[in-house]
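Please read the following briefing alongside the sequence and the model.

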Amino acid sequence: MQRRKFNIIPVLFLLPSIALLLVFVYIPLIQNFYNSFFDFSVFSQTKTFVGLENFKNLLADKVVSVALLNNVKYAIISVILQVGIALVLAYILEDKLFHRVAPFLRVVYFMPVMISISVVALLFGFVYNPQMGLLNSFLELIGLENLKEVWLGNPETAIYSVIAMSQWHSIGFVTLLFIVAIQKIPKELYEAADIDGAGKIRKFFSITVPQVREAIFVNTLITITGSMLVFNEPYILTNGGPGFSSTVMSVHMYQTGFVKDNMGYASTLAIIIFLLTAVLALIQIKLSRTGKDD
Amino acid sequence: MKRFLAIFMTVLLLALTACSSSAGNEEKKSSDKDVVEINFFHRWPNEPRKSFYDQKIKEFEEANPGVKINVNSVLNDSYKEKIRVLVSNDDLPDIFSSWSDSFAENLVSSGRIMELDNILAEDSEWAGKVIESQFAGFTFDEKKYGVPFTVDGKAFFYNKEAFKKNNLEVPKTYKEFIAVLDKLQDAGYETPLVEGLTNAWAISHYMGTIFQRVVDPAVTAKDYNVETGEFTDPGYIKGLEIFKELTDYMGDLSTAIDHEAARNMFASGEAPIVYMQFAEVKMVEDQGMKDFGFFDFPEIEGGKGDSKALTGAPEGWMLSKNAPKEAVDFLKFLTSEETAYDFTKTDGQLNAVQGAVDEGNTSPARLEAYELVTNASATTPWFDNAVNINIADIFMRGGQTLANEQTTPGDIMKEVQAEAKRLKK
């Protein structure tokens with residue numbers, strides 16, 4: 001067998017993206033690892049080597065545990081709603097009964113995705129306003145005054161209010177991905193099930209769910225990593241407060257670096273976020289054995 | 001593989017030179033026409049100040065045809081963050097606005113800020129016009145790094161009508177203040193005192209003043225310095241208890257609204273008392289509220305601090321070390337009596353230039369405030385500018401959780417002490 005000659009052309013095509021990835025992703029990543037061993041401020045031009053000091057601080061930092069827990073809450077709720085409910089929504093929208101209104105509903109669900117998250121956060125600032133906000137006014141209207149709440153000002157409800165907003169914002173996107181996946185399922189499967197007398201629920205669990213397994217995997221992965229990296233929503237809506245009650249890891253990192261000016265420690269926090277997302281991705285890939293046929 | 005590497009390096013080099021050469025071209029273009037570009041960065045993208053500075057830039061450019069001013073502006077917290085990033089590299093704007101004290105000090109520590117002593121000495125006519133006492137917040141190691149422009153102070157604004165209706169007098173002591181708040185509450189005000197606690201800085205303003213009243217100035221001087229800070233004085237706990245007591249009059253709302261909302265509640269007559277800056281007088285007036293007065297934070301019984309000091313600090317302008325001399329001219333223009341007079345007339349905020357505030361350009365209420373500021377026995381800088389930001393952050397977040405009854409003053413102080421110890425290392 002003749003050895004194939006090394007072909008330079010495909011490599012040339014890849015070069016621009018490799019260069020960009022190196023400059024904007026991999027080199028900063030390595031720099032960040034390096035920085036986490038130092039104590040330095042943006043203002044000073046000198047760095048002090050502190051070894052593992054920043055990592056030790058991590059263990060003593062109470063905010064980290066609060067933030068991590070908030071990220072986990074974010075992930076759990078997002079997976080249930082964005083993957084679970086979105087799949088059901090997509091199934092319903094693709095049902096014959098809804099054929100007429102489906103396009104309209106699809107637009108309704110997808111609309112929030114199109115709006116910038118900063119705008120959405122400002123909007124929900126009004127929705128949650130305790131005095132004249134939509135939510136409290138609505139509760140009053142339907143006679144549930146005693147459920148009225150200082151949504152963003154109460155440490156018990158702040159993080160959940162933020163999470164709820166994210167769900168409203170992103171569920172349309174996941175639904176759309178599921179709709180595409182459901183449309184790819186061969187019609188014959190459903191027809192055969194109809195002949196066998198299967199109901200809608202049975203068809204959902206026996207045909208739809210197994211057929212869109214790949215999409216479920218991808219969406220779960222997107223949602224969980226998204227929840228670990230979430231920043232805009234809590235930052236704009238509550239700035240992590242009151243206290244640290246709605247702080248997530250990336251907000252903590254940002255504030256440590258740019259507000260409190262502990263750049264070294266912020267780099268350490270960035271490593272934690274990186275490791276978390278990397279490990280999660282690995283576990284997911286391992287568990288779902290994606291890309292391989294059974 | 002070697003060939004591959006060689007090609008890779010060439011492409012990378014090409015890309016890099018392409019980037020740098022385009023930047024070089026731009027510079028050349030501007031020097032061809034002999035136009036000096038000045039980068040100007042301020043923190044007022046909102047009106048009326050944005051238009052005011054846009055107008056002043058136009059005037060300056062007309063008077064100096066060889067100068068082009070590029071202006072950029074972002075609001076408060078974003079400004080703090082952006083200027084930090086800019087100061088860490090050489091992109092620092094030529095002239096920019098800055099808060100005084102620790103904020104300015106941090107910027108100065110970058111070594112990229114211009115010392116102004118020589119410039120001030122050379123033009124004593126201009127420099128002598130700026131109120132000397134206001135330079136303190138920009139002076140580090142006996143060198144001046146900024147020119148103060150706006151002056152400010154913090155006081156309780158009160159609704160005169162509400163006070164008259166309930167036969168209330170302006171309180172002189174903290175006990176009297178609480179009595180006033182109780183009476184207002186009894187009179188039906190849900191929030192006799194209002195504040196938006198989602199703004200951490202609003203909390204820090206309270207704490208700074210309270211500590212200033214309660215704690216011995218020698219102790220705060222020692223504690224506010226990172227090298228010697230311990231925060232073991234029992235006065236801090238008392239101060240936090242006072243803050244907690246005040247938040248009890250702010251209602252459930254306070255932790256969910258921001259300062260602007262609180263100001264609106266005062267302006268609409270919904271809340272009779274609010275702790276505000278003199279810079280906000282015009283905003284309140286513009287919203288239709290005319291019948292209000294102010295009183296300084298009352299004396300706290302048994303407090304060891306100066307009961308007559310005023311919390312407040314100026315803001316000013318700083319120059320980058322590499323700024324061209326035209327930027328200095330622009331600085332002089334911005335702080336000239338004429339600009340300052342116009343500024344107070346348009347914006348309502350008081351300024352640090354002598355002769356630029358009189359009854360012709362400001363309301364009686366603001367003139368009263370101006371005298372309070374210029375005659376105060378001493379001014380205390382904003383708390384978040386007076387202490388290390390890590391310490392301030394614990395107090396500010398602590399203030400939020402204190403209002404929510406999720407923590408105690410003792411716990412906050414334990415955290416502060418631990419942080420002070422860590423910072424000392």
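Helices (H or I, at least four residues) and strands (E, at least two) are DSSP runs, numbered from the N terminus. Being four residues apart in helix H18 (residues 389-403) of chain B, Arg397(B) and Asp393(B) are separated by about one helical turn, and their side chains meet in a salt bridge (3.8 Å, N to O), a term that stands for a side-chain nitrogen of Lys or Arg within 4 Å of a carboxyl oxygen of Asp or Glu.

This is a predicted model, in which local features need pLDDT of at least 70 and side-chain atom pairs count only at pLDDT 80 or more, whereas totals for chains, interfaces and linings use all residues. Residues are numbered from 1 along each chain as its sequence is written, chains are lettered from A and ligands numbered from 1 in the order in which they are written, and side-chain values use heavy atoms, with hydrogens and water left out.

**Chain A as a whole**

- Chain A contains 13 helices and two strands, and its C-alpha atoms fill a box of roughly 80 × 75 × 30 Å when this is taken along the principal axes.
- Of the 294 residues in chain A, 43% are buried, where buried means under 20% relative accessible area, exposed over 50%, and partly exposed in between (1.4 Å probe, protein chains only).
- Among the contacts in chain A with a separation of 6 or more, 67% are between residues 24 or more positions apart, a contact being heavy atoms within 4.5 Å.
- The accessible surface of chain A comes to about 16,800 Å², and 70% of this belongs to carbon and sulfur atoms; such areas come from the Shrake-Rupley method with a 1.4 Å probe, and for residues only the protein chains shown count as cover.
- The 21 positive and 18 negative charges of chain A have mean positions that are 10 Å apart, with Lys and Arg counted as positive, Asp and Glu as negative, and His and the chain ends not counted.

**Salt bridges**

- Side chains of opposite charge can pair when their charged atoms come close.
- Over all chains, the count comes to 25 salt bridges.
- In chain A, Asp95(A) and Lys200(A) form a salt bridge through their side chains (3.6 Å, N to O).
- Asp95(A) lies in the loop between helix H3 (62-93) and helix H4 (102-114) of chain A and Lys200(A) in helix H9 (residues 200-211) of chain A, so their pairing ties together parts that are 105 residues apart in sequence.
- Asp95(A) counts as buried because its relative accessibility is 14%, whereas Lys200(A), at 44%, counts as partly exposed.
- In chain B, Glu280(B) forms a salt bridge with Arg263(B), and the closest N and O atoms are 2.9 Å apart.
- This pair links distant parts of the chain, 17 residues apart, with Glu280(B) in the loop between strand S9 (273-277) and helix H13 (281-286) of chain B and Arg263(B) in helix H12 (residues 259-267) of chain B; both Glu280(B) and Arg263(B) are buried.
- A network of salt bridges links Lys222(B), Asp223(B), Glu230(B) and Lys424(B).

**Surface patches**

- Patches are made of residues with over 30% relative accessible area and no salt bridge, like charges being joined within 9 Å and nonpolar side chains (Val, Leu, Ile, Met, Phe, Trp, Tyr) within 5 Å.
- Glu169(B), Glu176(B), Glu299(B) and Glu301(B) form a negative surface patch.
- Of these, Glu169(B) is placed in the loop between helix H7 (160-165) and helix H8 (174-186) of chain B, and it counts as exposed because its relative accessibility is 66%.
- Glu176(B) is in helix H8 of chain B, counts as partly exposed at 37% relative accessibility, and touches Val170(B) and Pro171(B), not counting residues up to four places away in sequence.
- A nonpolar surface patch of about 900 Å² has among its members Leu14(A), Phe24(A) and Val25(A); Val25(A) is in helix H1 (residues 8-35) of chain A and counts as partly exposed at 38% relative accessibility.

Note on methods. Charge placed at Lys NZ, Arg CZ, Asp CG, Glu CD.
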